[in-house]
Amino acid sequence: MIGNFTTAIAAFVRGSQSNCRFEVLYPLDVNQTSFNAAINYPTAAWTPAALTCLKTESFGFTFGRDLDKAEGLMDFGQSLGFQATQRSHLVGVGDATTAWIKEAQTALGKGLESIVLFALDQFCLIGYGVPLQRSLRRSLRMGS
């Protein structure tokens, strides 16, 4: 259903705006089970030919300080044929106890089309400096 719905929207919009670009946001952290993935990711409709960009987000991994899973999510679209220039990543801005800065830096290192910071109001209220500084956080890579 979601594939048919997004395809119909894109066709309708292209009818009057032929140069329109389309992206979808896929939160893999809440779609990890086989059932959720089968229901929520329409592989026949969301292809590199149909979409300008596949955007991923993993707020659950970010706030859980799991950089390995967050990085795996950034690579998710690659297995579906999306090149780095067709992938984007949405990073949930948080406080100093979460790994969001490292997640953003990892996404930047992958050469993705864009890295989007969610909750810019929090970014401004906390007073983070720009450009983001590399600093120690309470997260690390535990992989082999």
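## Helix 5 and the following glycine

Helices (H or I, at least four residues) and strands (E, at least two) are DSSP runs, numbered from the N terminus. The model is predicted: local features need pLDDT of at least 70 and side-chain atom pairs count only at pLDDT 80 or more, while totals for chains, interfaces and linings use all residues. Residues are numbered from 1 along each chain as its sequence is written, and side-chain values use heavy atoms, leaving out hydrogens and water.

Helix 5 spans residues 100-109 and forms a right-handed β-α-β unit with strand 3 and strand 4; right-handed means that, with the strands pointing away from the viewer, the path from the first strand over the helix to the second runs clockwise. Its buried residues are Trp100, Ile101, Glu103, Ala104, Thr106 and Ala107. Buried denotes under 20% relative accessible area (1.4 Å probe, protein chains only).

Strand 3 (residues 87-92) is largely enclosed by the rest of the structure, because six of its six residues are buried. Arg87, His89 and Val91 point one way, and Ser88, Leu90 and Gly92 the other way.

Strand 3 runs parallel to strand 2 (residues 53-57), to which four bridges join it; strands pair if DSSP finds at least two bridges between them. Threonine 56 has histidine 89 as its bridge partner in strand 3. Five bridges join strand 3 to strand 4 (residues 114-118), also in parallel, and serine 88 has serine 114 as its partner there.

## The whole chain

The protein chain has six helices and four strands, in the order α-β-α-β-α-α-β-α-β-α from the N terminus. Of its 144 residues, 36% count as buried.

Notes. Buried < 20%, exposed > 50% of the residue type's maximum accessible area, 1.4 Å probe, protein only.
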